Amino acid sequence: MEGVQTSSRRAWGLLLVIIGATMWGVSGTVAQYLFQHKSFNAEWLVVVRMLVSGLLLLAIASKQRNIFAIWKTKEERTSLLLFGVIGMLGVQYTYFAAIEAGNAATATVLQYTSPIFIIGYLAVQARKWPVKVEMISVALVITGTFFLATSGNFNELSITGWALFWGIGAAVTSAFYTLQPKRLLAKWSSIEVVGWGMVIGGVSFSFIHPPWHIAGEWSLLSLCAVLFVVIFGTLIAFYCYLESLKHISASEAIVLASAEPLSAAALSVLWLHVTFGWTEWLGTILIIATVFLLSQRKPEVTSKVKRTFI
């Protein structure tokens with residue numbers, strides 16, 4: 001009986017992480033629909049998504065503990081502000097800007113190159129060369145990014161320069177997001193840290209683009225799309241991922257979360273008719289392969305990366 005229960009819990013964990021990752025991927029494609037077909041802009045969607053999702057996450061966390069306790073020490077206040085403004089706001093804006101300048105498929109896959117920047121930072125910090133499997137991962141990411149950005153043509157980009165710039169920017173800020181709040185996450189729950197990060201980032205960005213400055217063609221479909229990005233693509237996806245970690249290992253969750261770029265690519269092709277040839281698929285596979293490699297070698301590097309895609 002115990003074996004059956006363990007197997008059932010594991011199956012439930014696997015299902016949860018796949019659902020969460022798929023929602024992350026689908027939300028990127030839905031955002032692309034809002035940008036390209038309903039004239040919404042990344043700035044408004046980012047600020048609304050962060051404020052609403054952050055407040056909802058904090059509301060959930062407040063049922064278990066005092067969410068304001070994290071602000072008591074100067075060190076934690078400073079760390080939380082840096083995380084919110086540079087980490088959370090940085091990764092959210094660059095990701096959506098990459099979608100707006102290109103498409104959800106390439107933006108999501110490019111953001112998946114973030115572990116390579118983490119490897120680079122840790123290598124510099126430790127003052128030693130990455131190990132063999134990490135060097136292979138770097139080579140795979142560089143090759144995959146080349147195929148994704150150029151379709152195998154050395155002479156020109158297959159995506160806009162801005163799409164590539166913001167996509168790599170999303171990877172860099174994802175790396176910062178992963179590494180910077182290490183001490184905060186050791187003491188406080190990820191729901192609290194991410195919730196406050198979103199609220200801080202949302203409030204900060206409100207001075208640049210107030211949430212009441214709405215641009216876009218509103219309709220019932222537009223409203224449903226916005227709600228999906230904010231609720232299902234953020235809050236529920238994040239909850240599913242965290243809940244899955246109670247039943248499966250972090251490395252398993254990271255590997256299965258590869259459903260995110262795959263779902264974003266597939267939906268972009270099927271729904272929004274984005275051109276995604278064999279070279280783009282090859283680039284995607286090469287980049288995702290690094291997640292499989294690193295999940296075996298460096299679980300401490302990859303275990304938090306998925307918290308980026310909220």
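**Notes on the predicted model**

1. Helix H3 (residues 74-101) packs with helix H9 (residues 190-206) at an angle of about 75°, and their axes lie 8 Å apart. Axes are lines fitted to C-alpha atoms, for helices over the stretch in contact, with angles running from 0 to 180 degrees between N-to-C directions. H3 and H9 are therefore roughly perpendicular to each other, a term for angles of 65 to 115 degrees, whereas those under 35 count as roughly parallel, over 145 as roughly antiparallel and the rest as oblique. Helices (H or I, at least four residues) are DSSP runs, numbered from the N terminus.

2. This is a predicted model, in which local features need pLDDT of at least 70 and side-chain atom pairs count only at pLDDT 80 or more, while totals for chains, interfaces and linings use all residues. Residues are numbered from 1 along each chain as its sequence is written, and side-chain values use heavy atoms, with hydrogens and water left out.

3. On the H3 side, the residues that meet H9 include Leu80, Phe83, Met88 and Tyr93, and their counterparts in H9 include Val193, Trp196, Ile200 and Phe205; contact means heavy atoms within 4.5 Å. By class, the contact of H3 with H9 has 13 nonpolar, five polar and no charged residues. Here Ala, Val, Leu, Ile, Met, Phe, Trp, Tyr, Cys and Pro count as nonpolar, Asp, Glu, Lys and Arg as charged, and the others, Gly among them, as polar.

4. Ser79 also has its place in helix H3. Ser79 counts as buried because its relative accessibility is 17% (buried is under 20% relative accessible area, exposed over 50%, partly exposed in between, with a 1.4 Å probe and protein chains only). Residues up to four places away in sequence aside, Ser79 touches Gln180 and Leu184.

5. The count of salt bridges comes to three, each being a side-chain nitrogen of Lys or Arg within 4 Å of a carboxyl oxygen of Asp or Glu. In one of them, Arg65 pairs with Glu192, the closest N and O atoms being 3.2 Å apart. This pair links distant parts of the chain, with Arg65 in the loop between helix H2 (42-61) and H3, and Glu192 in helix H9, 127 residues apart. Arg65 is partly exposed at 36% relative accessibility, while Glu192 is buried at 0%.

6. Another salt bridge joins Glu75 and Arg183, with closest N and O atoms 2.8 Å apart. Glu75 belongs to helix H3 and Arg183 to helix H8 (residues 182-187), 108 residues apart. Glu75 is exposed at 52%, as is Arg183 at 69%. Lys187 and Glu76 also form a salt bridge (3.3 Å, N to O); Lys187 lies in helix H8 and Glu76 in helix H3.

7. Which residues have the most contacts inside the largest nonpolar core? They are Phe35, Leu45 and Phe96, in a core of 55 residues. A nonpolar core is a set of buried Ala, Val, Leu, Ile, Met, Phe, Trp, Tyr and Cys residues joined through side-chain atoms within 4.5 Å. Apart from this core lies another, of 23 residues, including Ile254 and Phe276.

8. Two residues deserve a check of the backbone. Most residues other than glycine have a negative phi. Arg127, however, has a positive phi near 55°, and His273 one of about 60°. Arg127 is in the loop between helix H5 (114-126) and helix H6 (132-150).

Methods: Helix = DSSP H or I, 4+ residues; strand = E, 2+ residues; numbered from the N terminus.
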